[in-house]
Amino acid sequence: MRLKKLVIGNTSVKNNVLMAPMAGYTDYAFRSMVTELGAGITYTELVSAKGLIYGGKNNSALLYCGGDYENTVAQIFGSEEYFMRAACESEYLKNFNIIDINMGCPVPKVFKNGDGSALLSDIKKAERLVRECVKSGKNITVKIRIGLKKGDDIATEFSKMAEDSGAKAITIHGRVREDYYSGEPNFSAIERAKSAVSIPVIANGGIFTEKDAADMMDKTGADGVMLARGGIANPFLFSSLTGTKTDYTLKSFMTEHLLRMQKLRGDMTAVEFRKFVPYYLKGKIGVKDIKAAINSSCSVEEIVDLIAKL
Ligand SMILES: Cc1cc2nc3c(=O)[nH]c(=O)nc-3n(C[C@H](O)[C@H](O)[C@H](O)COP(=O)(O)O)c2cc1C
């Protein structure tokens with residue numbers, strides 16, 4: 001994996017191994033953990049632009065980054081120019097240097113509203129959104145899929161549009177909406193897009209090992225990689241890919257993550273933490289009983305003890 005710095009608009013990013021936005025997972029507790037392991041930047045989960053304007057009650061929690069604006073990108077979604085620009089200019093996003101526009105979310109609730117990946121079928125509308133957000137003066141980036149249906153490849157066209165409209169980087173998830181999260185990413189679609197633009201291109205999809213990251217870089221020529229499920233299943237990929245030294249073991253990482261979640265969320269921590277456990281313990285032998293016990297526990301203290309027994 002070719003490690004390098006990234007320049008996104010007027011912002012310098014310390015390396016090109018990024019942690020993806022993941023709804024329900026990438027809160028500050030998790031983001032701060034992988035930042036310690038070397039992640040170049042991390043993304044908040046998608047936050048509704050309209051919600052930011054109407055003052056949705058979770059906004060502050062979703063965007064909380066402990067003041068670490070240098071390493072955090074805020075991701076927004078929506079399809080109305082007014083709300084998207086207003087969100088970029090809102091108090092909530094005032095301190096973020098980089099704002100990413102979600103054009104990849106496949107979830108029906110989002111898609112039916114014309115948001116997320118629905119924008120991939122309307123490049124003119126997508127262009128208007130990017131141009132309007134750019135007017136906020138923020139470094140705007142875009143995250144896309146390569147289309148909606150099998151065989152689609154809009155990556156080059158959208159990357160050019162994003163660059164021409166003033167976006168400062170583009171992330172390409174090399175799958176179509178129909179794929180959701182399965183199948184091999186389309187490396188050549190990312191490669192074609194990369195050779196058509198000068199802004200940084202970040203490649204995403206199916207990176208679970210160091211070899212996957214190296215292959216992604218080699219096959220696409222991208223400027224960087226974005227880990228999503230692989231970053232949760234093996235957060236230590238960040239340290240190995242970036243050469244960051246760490247004293248964490250899996251057990252101490254899990255415990256610290258749980259305690260940071262507790263600080264952030266209080267009561268709901270144990271229940272929320274459980275969804276990480278299948279990722280953390282995937283493929284580990286002899287952990288079945290402990291996994292089951294964690295899954296039925298509602299107590300942080302109990303889970304800390306169970307992790308110690310792993
Ligand atoms: C549970 C889950 C939540 C996600 N939430 C977001 C999100 O909020 N914003 C976004 O742009 N992509 C989101 N994604 C997509 C990921 O960022 C990434 O593009 C996708 O998982 C492909 O990468 P992977 O194959 O390495 O997992 C999500 C994916 C998953 C599995």
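This is a predicted model: local features need pLDDT of at least 70, side-chain atom pairs count only at pLDDT 80 or more; totals for chains, interfaces and linings use all residues.

Author: Domain bounds come from an automatic or database domain assignment. Residues are numbered from 1 along each chain as its sequence is written.

Reader: How far apart do the C-alpha centres of domain 1 and domain 2 lie?

Author: The assignment divides the chain into domain 1 (6-242) and domain 2 (250-308). Between the C-alpha centres of these two domains the distance is 28 Å.

Reader: What area is buried between domain 1 and domain 2?

Author: Contact means heavy atoms within 4.5 Å, and domain 1 gives 17 residues to it, domain 2 12 residues. Buried area is the accessible area (1.4 Å probe) that two parts lose on being put together, summed over both. Carbon and sulfur atoms give 71% of the area between domain 1 and domain 2, which is about 1400 Å².

Reader: Are H15 and H16 roughly parallel or roughly antiparallel?

Author: Helices (H or I, at least four residues) are DSSP runs, numbered from the N terminus; axes are lines fitted to C-alpha atoms over the stretch in contact, and angles run from 0 to 180 degrees between N-to-C directions. Helix H15 (residues 288-295) packs on helix H16 (residues 300-308) at an angle of about 170°, with axes 10 Å apart. Angles under 35 degrees count as roughly parallel and those over 145 as roughly antiparallel. The angle therefore makes H15 and H16 roughly antiparallel.

Reader: Which classes of residue make the contact of H15 with H16?

Author: Ile-290, Ala-293 and Ile-294 of H15 meet Ile-303, Leu-306 and Ile-307 of H16. Ala, Val, Leu, Ile, Met, Phe, Trp, Tyr, Cys and Pro count as nonpolar, Asp, Glu, Lys and Arg as charged, and the others, Gly among them, as polar. The contact of H15 with H16 has no polar and no charged residues, and 6 nonpolar.

Reader: How many charged residues are in the contact of H4 with H6?

Author: Helix H4 (residues 81-88) and helix H6 (residues 123-134) have axes 8 Å apart, at an angle of about 30°, and are therefore roughly parallel. Glu-81, Met-84, Arg-85 and Cys-88 of H4 make the contact with Arg-128, Leu-129, Glu-132 and Cys-133 of H6. By class, this contact of H4 with H6 has 4 nonpolar residues, no polar ones and, as charged residues, 4.

Conventions:
Side-chain values use heavy atoms; hydrogens and water are left out. Helices (H or I, at least four residues) and strands (E, at least two) are DSSP runs, numbered from the N terminus. Angles under 35 degrees count as roughly parallel, over 145 as roughly antiparallel, 65 to 115 as roughly perpendicular and the rest as oblique.
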